[in-house]
Amino acid sequence: HAQTLAANFLHGAPKVRAAESNHHVPLPDGDHVVLHDDRPAAWRPGDLAALLLHGLGGCYASPYMVRAARKLCAKGVRTF
């Protein structure tokens with residue numbers, strides 16, 4: 001909840017960066033989940049990766065999601 005509230009008061013939300021690639025994961029009910037893959041240039045298999053999940057009212061472009069992904073990528077963590 002704190003992230004959601006803080007994002008409403010923080011100005012200058014970063015622009016959404018286009019993900020390097022998107023992965024579509026099919027679900028048993030016929031729907032799918034899209035993973036936006038943001039991989040730092042120096043990332044190699046076996047390095048750290050993080051799965052960021054937003055709530056029902058959010059999306060990958062929500063300021064708190066963009067901020068978290070950007071900070072993790074700056075530290076070399078691949079984010080989905």
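These legends describe an overall view and several close-ups of one predicted model. Local features need pLDDT of at least 70 and side-chain atom pairs count only at pLDDT 80 or more, while totals for chains, interfaces and linings use all residues. Residues are numbered from 1 along each chain as its sequence is written, and side-chain values use heavy atoms, with hydrogens and water left out.

**View 1. The fold runs α-β-β-β-α-β from the N terminus.** The protein chain holds two helices and four strands. Helices (H or I, at least four residues) and strands (E, at least two) are DSSP runs, numbered from the N terminus. Of the 80 residues, 21% are buried. Buried means under 20% relative accessible area, exposed over 50%, and partly exposed in between (1.4 Å probe, protein chains only).

**View 2. Arg 78 and Asp 37 form a salt bridge.** The N to O distance is 2.4 Å. The pair links distant parts of the chain: Arg 78 lies in strand β4 (residues 78-79), Asp 37 in strand β2, 41 residues apart. Both residues are buried. The salt bridge count is one, taking a side-chain nitrogen of Lys or Arg within 4 Å of a carboxyl oxygen of Asp or Glu.

**View 3. The charged end of Arg 78 sits over the ring of Trp 43.** It lies 4.5 Å from the ring centre. The rule asks for NZ of Lys or CZ of Arg within 6 Å of the ring centre and within 35 degrees of the ring normal.

**View 4. Helix α2 covers residues 63-74.** Its twelve residues should span 16 Å at 1.5 Å a residue, and the end C-alpha atoms are 16 Å apart, which agrees. The expected span is 1.5 Å times one less than the number of residues. Buried here are Tyr 64, Met 65, Val 66, Arg 67, Ala 69 and Cys 73. Just after α2, Gly 76 takes a positive phi of about 90 degrees.

**View 5. Leu 5 and Tyr 64 are 9.8 Å apart, C-alpha to C-alpha.** In sequence they are 59 residues apart. Leu 5 belongs to helix α1 (residues 2-9). At 53% relative accessibility, Leu 5 counts as exposed.

**View 6. Val 25, Leu 27 and Val 33 make a nonpolar surface patch.** Its area is about 190 Å², from the Shrake-Rupley method with a 1.4 Å probe. Patch residues have over 30% relative accessible area and no salt bridge; nonpolar side chains (Val, Leu, Ile, Met, Phe, Trp, Tyr) are joined within 5 Å, like charges within 9 Å. Val 33 is in strand β2 (residues 32-37). At 36% relative accessibility, Val 33 counts as partly exposed.
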